[in-house]
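I opened the model to look up a few residues, the nonpolar cores and the salt bridges. My entries follow in the order of looking.

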Amino acid sequence: MVQPRPEFVLPPPTGRSRETDGRTSAAAPSGGVAFHSLREYVRGDDLRLVHWPSSARTGTLMIRHNVVPHEPRMVIMLDTSEAPYTDDSFEEAVRVAASLTVAAFDGGFPVEVRTTAGAHLAAERGLSARGELLDLFAAARRSEGDPGLPELIRLGLADDGAALGIVTGMPAPVVLRAVTAVRRRFAMVSLALLTDPADAPGQPGLVPEGVFAVRAATSGAFATAWNRAVSAR
C-alpha cells in the first residue's frame with residue numbers, strides 16, 4: 001500500500017480555546033502541567049511537587065498531583081461511498097483526510113479516524129505513530145454498497161466536546177442531512193467538499209447551517225483555501 005502524501009494544513013478548528021490549564025480529570029495522564037488535586041506523598045514522588053503549606057497544616061507530606069490537561073478530541077470521517085466522487089476526486093479526498101488527520105496528530109490532539117465503510121483507528125498522543133493513520137487511508141476504497149454520510153448517525157459517538165471533520169465529494173443535499181443531524185453532538189463540525197466550486201456555485205443546502213465548510217477541486221487547492229479560512233476564524 002502506498003500512503004497518501006499529506007498537504008500542509010492547519011488542524012481542524014475545535015470550537016473553543018485550547019488552554020494550558022484546561023479541564024482535567026483523575027483519569028488524565030500524570031506528569032503534565034495542569035494541577036488536578038493534592039494527595040499524600042508516596043515513595044518515589046518528585047519532592048519538588050511537595051505542597052508545603054498543606055503539609056504543615058495536615059502534618060502529612062502532600063504532593064501536587066499534576067496531569068496532562070484535557071485536549072479536545074478530533075474525529076476525522078472519510079466518506080468512502082461511491083456516489084459523491086469521480087475516481088480523481090476520491091483520491092483527492094483521501095489526501096485531504098490524511099492531511100487533516102496528520103495536522104491534528106502532529107498538533108498533539110487525540111485523534112480518531114473513521115471511514116463510512118467501518119474502518120476505525122484511535123491514536124493517542126505519544127502512544128501511536130502517524131504511519132498507522134496513513135495506512136488506514138492507503139487502504140481506503142470507495143464502494144457502491146457503502147452507506148456514506150448517513151453512517152454518521154449510527155456511530156453513537158459520545159458528546160464529550162469532540163471536534164468532527166468530515167471529508168466527502170459532492171453528496172446530494174439529502175445525504176448532507178446526516179451532518180445536520182449530528183451537529184449538536186460536537187463542539188465543532190468541519191466539512192471538506194472535494195469538488196470544483198464552479199460545478200454548483202449556488203446549490204441550496206450544500207453546506208448545513210452551523211458547519212465550517214471549505215470546497216475545492218484538488219487537495220492542493222483545498223490546503224490553500226482551508227489554511228486561509230481557518231486563519232481568518
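I took helices (H or I, at least four residues) and strands (E, at least two) as DSSP runs, numbered from the N terminus. The model is predicted, so I kept in mind that local features need pLDDT of at least 70 and side-chain atom pairs count only at pLDDT 80 or more, while totals for chains, interfaces and linings use all residues. Residues are numbered from 1 along each chain as its sequence is written, and side-chain values use heavy atoms, with hydrogens and water left out.

Entry: Pro 12.
I found Pro 12 in the segment before strand 1 (30-40). Its relative accessibility is 5%, so Pro 12 counts as buried (under 20% relative accessible area; exposed is over 50%, partly exposed in between; 1.4 Å probe, protein chains only). I then listed contacts (heavy atoms within 4.5 Å). Beyond its neighbours within four places in sequence, Pro 12 contacts Met 74, Ile 76, Leu 100, Ala 104, Ser 190 and Trp 226. Between Pro 12 and Trp 226 I read 9.1 Å, C-alpha to C-alpha, across 214 residues of sequence.

Entry: Thr 168.
Thr 168 lies in strand 6 (residues 163-168) and is buried, at a relative accessible area of 0%. Its side chain makes a polar contact with the side chain of Asp 79 at 2.8 Å (a pair of N or O atoms within 3.5 Å; within protein, one must be able to donate a hydrogen and the other to accept it, and residues adjacent in sequence count only if both atoms are side-chain atoms).

Entry: cores.
I used the nonpolar core as a set of buried Ala, Val, Leu, Ile, Met, Phe, Trp, Tyr and Cys residues joined through side-chain atoms within 4.5 Å. The largest has 37 residues; Leu 78, Val 96, Leu 100, Phe 137, Val 167, Phe 222 and Trp 226 touch the most other members. Helix 2 gives the most to this core, with eleven residues. Another core, of 17 residues, lies apart from it and includes Met 77, Leu 149, Leu 164 and Val 211.

Entry: salt bridges.
How many salt bridges are there? I counted seven, taking a side-chain nitrogen of Lys or Arg within 4 Å of a carboxyl oxygen of Asp or Glu. Arg 95 pairs with Glu 7, the closest N and O atoms being 2.9 Å apart. This pair links distant parts of the chain, Arg 95 in helix 2 and Glu 7 in the segment before strand 1, 88 residues apart. Arg 95 is buried, at 19%. Glu 112 forms a salt bridge with Arg 114 at 2.7 Å between the closest N and O atoms, and both residues are buried. Shared partners join Arg 73, Glu 112 and Arg 114 into one network of salt bridges.
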